[in-house]
Amino acid sequence: MFTEEQKSFRDMLRKVTEKEVAPIASRIDETDEFPYELAELFGELGLLSLWVPEEYGGAGGDLTTVCIAKEELGRASLTASALAANNSIGLILPVLHMGTEEQKQKYLPISASGKVITAIGMTEPGTGSDVRSMKTFAKRQGNDSYVINGQKSWITWGGVADYVLVFAKTSEGTSSDSISAFLVDTKTPGFRVGRKERKMGRNGAPNHELFFEDMVVPADCMLGEEGTGFKGCMKILDLNRPTVAGSSLGLAQGALDTALAFAKERVQFGRAVSQFQGMQFKFADMHMKTEAARALLYSVCAEIDSGDHSRLAMLGAVSKCYVTDVAMEVTTEAVQAMGSAGYSKEYPVERMMRDAKLNQILEGTNEIQRMIIGRNLAAA
Ligand SMILES: Cc1cc2nc3c(=O)[nH]c(=O)nc-3n(C[C@H](O)[C@H](O)[C@H](O)COP(=O)(O)OP(=O)(O)OC[C@H]3O[C@@H](n4cnc5c(N)ncnc54)[C@H](O)[C@@H]3O)c2cc1C
């Protein structure tokens with residue numbers, strides 16, 4: 001399934017995960033503090049700039065590579081997994097797919113430096129699944145600038161980001177061509193970080209409200225033409241959704257491994273609980289689902305990496321929805337298989353179960369993914 005290069009990348013990351021990530025995963029969850037040490041390490045390892053082509057100073061890489069990274073890190077921590085390749089959605093993919101050559105020359109090397117954190121701002125208090133109902137507005141001012149006013153919510157890394165990809169209306173109405181995309185520098189006056197959300201999981205990956213108050217940004221930070229932001233955003237989401245699946249696959253595998261190791265040691269009725277057929281059936285189901293999810297995800301990656309994007313929306317939705325649903329089932333069963341130990345913070349599976357829930361919600365809820373899949377089937 002993987003090339004030799006991808007296998008050695010995976011093996012390297014497995015070691016990094018065991019040595020650097022697993023030991024601090026529970027602390028990150030409990031303190032809910034942004035793991036600056038991981039950001040630095042990931043920057044050095046090139047994990048913040050995966051997918052930046054070599055010609056722009058990056059490590060190259062493709063969707064498969066990103067998913068390998070997400071899966072390996074996800075075995076120990078969803079937060080670490082989300083941080084790796086996080087710049088894909090905030091900067092790399094938008095600039096690659098919507099930017100001019102000048103913007104690529106400007107932003108991609110910045111990302112390749114491994115020192116920037118980016119965020120993507122679509123959601124607002126009244127705007128979740130229905131992106132077109134957003135209220136944030138960017139008003140053109142002369143030829144050279146826009147003035148942005150509005151509010152975004154739930155923005156991952158928004159409080160620590162150097163750049164935020166902000167989606168804003170540039171004309172009235174709810175049509176898709178009323179939305180444009182701006183890559184804004186968070187040092188710009190008028191940008192303000194608001195409340196930090198208190199969450200069920202993925203702690204350490206902070207979510208903040210962001211405010212834009214008469215924030216004047218240069219017109220050349222707009223990605224794509226005015227009014228093409230929505231379309232561009234949908235393509236980026238389609239490309240990025242398999243990476244959410246990658247993180248969830250890691251969670252499923254991590255939870256299964258932990259529960260199985262525990263069951264081999266835990267003795268009840270004079271036998272290791274892994275010897276009971278009822279438990280073996282449970283583990284068999286968890287294993288089958290995880291393997292099926294892995295096969296689906298990497299076949300989707302291979303098709304997209306081949307350059308054939310004719311089924312992009314469908315593949316993004318199918319992989320995101322299926323694998324994140326599997327991770328929810330497997331992590332929940334892992335807790336069950338460990339009994340009270342599964343429910344305890346002494347073990348990682350309760351955290352994995354809380355974290356797995358998130359990936360069924362973000363980057364388009366799984367109801368929205370089913371809508372995309374159903375629509376594509378009905379239209380075919
Ligand atoms: C931890 C976390 C991190 C996030 N990070 C970011 C980020 O970095 N940037 C960003 O912009 N956003 C981010 N979000 C927001 C996230 O993308 C939204 O929460 C998500 O898109 C759903 O929007 P909503 O929560 O407003 O739910 P709503 O859209 O209000 O949906 C509520 C329920 O209705 C269902 N529903 C809605 N419409 C339909 C429909 N047409 N058919 C059937 N069911 C429907 C949904 O599936 C859901 O179950 C984050 C959210 C969380 C929790």
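Residues 119-215 form a span that is 51% strand and 0% helix, with end C-alpha atoms 17 Å apart; helices here are DSSP runs (H or I) of at least four residues and strands are E runs of at least two, numbered from the N terminus. UniProt lists this stretch, in an unreviewed entry, as "domain: Acyl-CoA oxidase/dehydrogenase middle". As for such records, the positions follow the numbering used here, feature names are shortened, and annotations may be inferred rather than shown by experiment. The model is a predicted one, with local features needing pLDDT of at least 70 and side-chain atom pairs counting only at pLDDT 80 or more, while totals for chains, interfaces and linings use all residues. Residues are numbered from 1 along each chain as its sequence is written, and side-chain values use heavy atoms, with hydrogens and water left out.

Now for the helix packing. Two packed helices are described by the angle between their axes and the distance between the axes. Axes are lines fitted to C-alpha atoms, for helices over the stretch in contact, and angles run from 0 to 180 degrees between N-to-C directions. Angles under 35 degrees count as roughly parallel, over 145 as roughly antiparallel, 65 to 115 as roughly perpendicular and the rest as oblique.

Helix H1 (residues 4-31) meets helix H3 (residues 63-74) with axes that come within 9 Å and cross at roughly 25°, so H1 is roughly parallel to H3. On the H1 side, Gln6, Phe9, Arg10, Leu13, Arg14, Thr17 and Val21 are in contact (heavy atoms within 4.5 Å) with Thr64, Thr65, Ile68, Ala69, Glu72 and Leu73 of H3. By class, this contact of H1 with H3 holds six nonpolar, four polar and three charged residues; Ala, Val, Leu, Ile, Met, Phe, Trp, Tyr, Cys and Pro count as nonpolar, Asp, Glu, Lys and Arg as charged, and the others, Gly among them, as polar.

H1 also packs on helix H2 (residues 36-45), at an angle of about 165° and with the axes 11 Å apart. The pair is therefore roughly antiparallel, and H1 passes H2 in a left-handed crossing. Met12, Val16, Glu20, Val21, Ile24, Arg27 and Ile28 in H1 touch Glu37, Leu38, Leu41, Phe42 and Leu45 in H2. That contact of H1 with H2 has nine nonpolar, no polar and three charged residues.

H3, in turn, packs against H8: the two axes come within 8 Å and cross at roughly 150°, so H3 is roughly antiparallel to H8. Leu63, Thr64, Cys67, Ile68 and Glu71 in H3 meet Arg294, Leu297, Tyr298, Cys301, Ala302, Ile304 and Asp305 in H8. The class count for H3 with H8 is eight nonpolar, one polar and three charged residues.

Helix H5 (residues 87-98) is mostly covered, with ten of its twelve residues buried; buried means under 20% relative accessible area, exposed over 50%, and partly exposed in between (1.4 Å probe, protein chains only). Among the buried ones are Ser88, Ile89 and Leu93. The cover includes helix H6 (101-112), strand S1 (118-121), strand S4 (163-169), strand S5 (179-185), strand S8 (222-223) and helix H7 (229-265). Asn240, in helix H7, touches Trp51, Ser88, Ile89, Leu93 and Glu363, leaving aside residues up to four places away in sequence. Asn240 counts as buried because its relative accessibility is 4%.

Most residues other than glycine have a negative phi, and most peptide bonds are trans. Asp32, in the loop between H1 and H2, has a positive phi of about 55° although it is not a glycine, and Asp32 is buried at 18% relative accessibility. Ala85, in the loop between helix H4 (78-83) and H5, likewise has a positive phi, about 65°, and is buried at 3%. Gly278, by contrast, is exposed at 52% and sits in helix H8 (residues 277-305).

Methods:
A crossing is left-handed if the near helix is turned anticlockwise from the far one by less than a right angle, and right-handed if clockwise.
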